[in-house]
Amino acid sequence: QFHTIKYEDLKWDESLGQGSFTRIFKGEKTDYRDGEKHTTEVLLKELDPDHKNCWESFFEAASFMSQISHKHLLHVYGVSVHGDKNIMVQEFVKHGALDLYLKREKSLSVSWKLNVAKQLACVLNFLEEQSIIHGNICAKNLLLVREEDPSQGISPFIKLSDPGINVAMLGKDVIMHRIPWIAPESLAAPDNLTHECDKWSFGATVWEIFNNGNPPLQGWSLEEVKLKEKFYENKQQLPPSQWTELADLIGQCMSYDLAFRPSCRSIIRQLNSLVTSGNNVSLNHVGKVF
Ligand SMILES: N#Cc1ccc(Nc2nc(N)cc(-n3ccc(CO)n3)n2)cc1
């Protein structure tokens, strides 16, 4: 179900930070094809040794990514195991995770944000057609392959990263920290995710993109976990955008009643109409809709 890569064919370069259970490094992999030596730039994602009990779920995520291919899905070359090291070898994506990029780039236009939201909706539609559930859609798991270059008419290009450790494997506290990206119904039953869960997360991610990477519900006081729990108990919504059509779409995706969440086709249709109305609205130059 996935390609295994020999540890000695990998080379570690600089560390690029760490996720919740993983550390990421820039690196290189060498393979020998038709008698020639090829070196490829890769991203090495190491599972923390103290979470090695999650290795199956870690590799499940790798095989999930290897089984299907789509232009907006991250390519995973394979996995490597060496002693207690479990490594996922991914294509290196030039500009890294979108949550950090959004925080850094303060003046992204509305059309930039809509363009990225549309790409995410497309890959979500593809996954739904393949009856595949991602389970961890958020800006941290979106990777920026190409920045926009308005002078050349070049638009941004993103890829969806692997879902990481399956949410059912995680402790209650980690699941709580995924509020409000995780669908309310998944809190109670993290082991039966549905396509509707991905739509809820899509809504929270679009909210994040239009809020310049400020994660929703963060910065609350210390007992934020309790407040987050209340957020679902009281069926609260994220602060609505002033752009009502955008707020409507986010609200539909983040409806507590699964049946009210729109189909992917409807999401794409609504995003397309936002593109047209967005072009007319004077918001474009400021990129501010909250
Ligand atoms: N400075 C900087 C910088 C950092 C990373 C990349 N590249 C990259 N390539 C991937 N395939 C995956 C990731 N990830 C980053 C977070 C996660 C969590 O999942 N993945 N980053 C490029 C520049």
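This is a predicted model: local features need pLDDT of at least 70, side-chain atom pairs count only at pLDDT 80 or more; totals for chains, interfaces and linings use all residues.
**Entry 1**

Five of them, in the order 1-2-3-5-4, form an open sheet with antiparallel pairing. Strand 1 (10-18) and strand 4 sit at the edges, each pairing on one side only. From one strand to the next I get an average twist of 30 degrees. Helix 1 (residues 55-67) packs on this sheet and touches strand 2 (22-33), strand 3, strand 4 and strand 5. The direction of helix 1 makes about 20 degrees with that of strand 5.

**Entry 1: strand 5 and its partners**

I then looked at strand 5 on both sides. Strand 3 (residues 36-47) runs antiparallel to it, and 6 bridges join the two. On the other pairing, strand 4 (residues 76-82) is also antiparallel to strand 5, with 6 bridges.

How many of the residues of strand 5 (residues 85-91) are buried? I count 6 of the 7, so the strand is largely enclosed by the rest of the structure.

**Entry 2: just past strand 5**

Next I followed the chain into the loop between strand 5 and helix 2 (98-104), where K94 is found. Is K94 buried or exposed? Its relative accessibility is 62%; the cut-off for exposed is over 50%, so K94 counts as exposed. Even so, K94 has contacts beyond its sequence neighbours within four places, namely L144 and V145. I also noted R146, which lies 52 residues away along the chain, with its C-alpha atom 7.2 Å from that of K94.

A reminder to myself: nonpolar side chains tend to be buried together in soluble globular proteins. Here the largest nonpolar core holds 74 residues, and L98, F202 and L271 touch the most other members. Which helix gives the most to this core? Helix 3 (residues 110-129) does, with 11 residues. I checked L271 in detail: apart from neighbours within four places in sequence, L271 is in contact with L114, A117, K118, A121, F202 and L249. There is also a second, separate core of 7 residues, including L10, F25, L44 and I87.

**Entry 3: helix 3 against helix 6**

The axes of helix 3 and helix 6 (residues 195-210) come within 10 Å and cross at roughly 170 degrees. The two helices are therefore roughly antiparallel to each other. On the helix 3 side I listed V110, K113, L114, V116, A117, L120, A121, L124, L127 and E128. Helix 6 answers with H195, D198, K199, F202, T205, V206, I209 and F210. By class, this contact has 12 nonpolar, 2 polar and 4 charged residues.

**Entry 4: helix 6 against helix 8**

Helix 6 also packs with helix 8 (residues 244-253), at an angle of about 150 degrees and with the axes 7 Å apart. K199, W200, F202, G203, V206, W207 and F210 of helix 6 meet L246, I250 and C253 of helix 8. I sorted these residues into 8 nonpolar, 1 polar and 1 charged.

Terms used:
Residues are numbered from 1 along each chain as its sequence is written. Side-chain values use heavy atoms; hydrogens and water are left out. Buried means under 20% relative accessible area, exposed over 50%, partly exposed in between (1.4 Å probe, protein chains only). Helices (H or I, at least four residues) and strands (E, at least two) are DSSP runs, numbered from the N terminus. Two strands pair if DSSP finds at least two bridges between them. A nonpolar core is a set of buried Ala, Val, Leu, Ile, Met, Phe, Trp, Tyr and Cys residues joined through side-chain atoms within 4.5 Å. Contact means heavy atoms within 4.5 Å. Axes are lines fitted to C-alpha atoms, for helices over the stretch in contact, and angles run from 0 to 180 degrees between N-to-C directions. Angles under 35 degrees count as roughly parallel, over 145 as roughly antiparallel, 65 to 115 as roughly perpendicular and the rest as oblique. Ala, Val, Leu, Ile, Met, Phe, Trp, Tyr, Cys and Pro count as nonpolar, Asp, Glu, Lys and Arg as charged, and the others, Gly among them, as polar.
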